[in-house]
Amino acid sequence: MNRKEKVSLTIENQIAILMIQNPPVNILDADVVEQLHQKIDEIEQTPTIKVVILTGEGEKAFMAGGDIKSFPEWMGKGIELAEAKSRWLQHPLNRIEALPYPTICVLNGAALGGGCELALACDIRIAEKHVTIGLPEIKLGLFPGAGGTQRLARLIGKAKAKEIIFTGESLTADEALAIGLVNTVVPKWYGLTTGIQLAKKIATHSRQALTYAKQAIDEGADQSLSDALQTEAHYFGHVFQTEDVKEGVAAFIEKRTPRFLD
């Protein structure tokens, strides 16, 4: 018997849409972790993709957290087991973050715990107006273990990340926008449409330029400024060896729309 598909993947016009389909609130359970890996494999093996959108099914939750009912099996069984579970949860999110294409997370409902951590692994976050977002793990006597303590602090700064993690209180979409946790807030039901419009705009540009730009930003983010500037120069050197830079500059000079290779 086929297992229920909890993560779907559709690819159209160079845009891949990953959708979490695990009702009622799209929790990050073992099936979702496994199927995320499978879909990421498919994305990595599809050379036509230029942008990836990640969202959830329904309006109630993008992803309301992890599979809390499985946590008792991890308790008191040794540090190694719980540490391994953390790495198991982190792995698919790390793979999403490492994709060479721009990634857009559309938050169409609550993004709590693992849902917030999954969103943090993406490059850009779009939130619908009714969304709440946060890391409430402290209320359970634990703390985020799927990358939340590290990615949130890097995104919005240590002080604000600590406030969110220490209190466990959720933010509204507008509050998340004010601190840079999400890029934009749109009315309910407009998240995916907005995400696709943004993806289409990005997909008009050179795949190689997008990839090199993302690598320069991500690799430089954890380096000293002098090292990061060297990283930027490294990828700048590479982008100037592509056919697309020849086409893009020629199109500008000739006052026409560029026709990039992909």
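How does the radius of gyration of the protein sit with that of a compact globule of 262 residues? I looked this up before anything else. A compact globule with 262 residues would come near 18 Å, and the protein has 19 Å, which agrees. I note that the model is predicted.

**Overall form**

I took the box next. Along the principal axes, the C-alpha atoms fill roughly 65 × 45 × 35 Å. I then counted the elements: the protein has 10 helices and 10 strands. Taking contacts between residues at least 6 apart in sequence, 69% join residues at least 24 apart.

**Surface and charge**

The protein exposes about 14,000 Å². Carbon and sulfur atoms supply 58% of that area. For charge, I have 28 positive and 33 negative side chains. The centres of the two sets lie 3 Å apart.

**Strand β7**

I turned to β7, residues 124-128. Is this strand enclosed or open? Five of its five residues are buried, so the rest of the structure largely encloses β7. I recall the general rule that side chains alternate between the two faces of the sheet in a regular strand. In β7, Ile124, Ile126 and Glu128 point one way. Arg125 and Ala127 point the other way. Both sets are buried, the charged Glu128 and Arg125 included.

Which strands does β7 pair with? I find β5, residues 103-107, joined to β7 by four bridges. These two run parallel. Isoleucine 104 has isoleucine 124 of β7 as its bridge partner. I also find β10, residues 184-186, joined to β7 by three bridges. That pair runs parallel too. Here glutamate 128 stands opposite valine 186 of β10.

**The four-strand sheet**

I moved on to an open sheet of four strands. Its order is β4-β6-β8-β9, and the pairing is mixed. Why is one side of β4 and of β9 left without a neighbour in the sheet? β4 (61-63) and β9 (171-172) stand at the edges, and each has a single partner strand, so one side of each has no neighbour there. I followed β9 to its partner. Two bridges join β9 to β8, residues 132-134, and the two run antiparallel. In this pair threonine 132 stands opposite threonine 172 of β9.

Is asparagine 26 buried or exposed? Its relative accessibility is 1%, so asparagine 26 counts as buried, the cut-off being under 20%. I listed its contacts, leaving aside neighbours within four places in sequence. They are Ile20, Gln21, Gly56, Glu57, Ala61, Phe62, Met63 and Ala64. Ala61, Phe62 and Met63 in that list are the residues of edge strand β4 (61-63). I also took one distance. Asparagine 26 and cysteine 122 are 96 residues apart in sequence, and 18 Å apart in space from C-alpha to C-alpha.

Glutamine 21 sits in the loop between β2 and α1 as well. At 15% relative accessibility, glutamine 21 counts as buried. Beyond its neighbours within four places in sequence, glutamine 21 is in contact with Lys4, Glu5, Lys6, Ser8, Asn26 and Glu57. I see Glu57 in the contact lists of both asparagine 26 and glutamine 21.

Definitions and conventions:
Residues numbered from 1 in each chain as written. Predicted model: local features only at pLDDT ≥ 70, side-chain atom pairs only at ≥ 80, totals over all residues. Heavy atoms only, no water. Rg over C-alpha atoms; globule rule 2.2 N^0.38 Å. Contact = heavy atoms within 4.5 Å. Areas by Shrake-Rupley, 256 points an atom, 1.4 Å probe, with all protein chains shown as cover. Charge placed at Lys NZ, Arg CZ, Asp CG, Glu CD. Buried < 20%, exposed > 50% of the residue type's maximum accessible area, 1.4 Å probe, protein only. Pairing = 2+ DSSP bridges.
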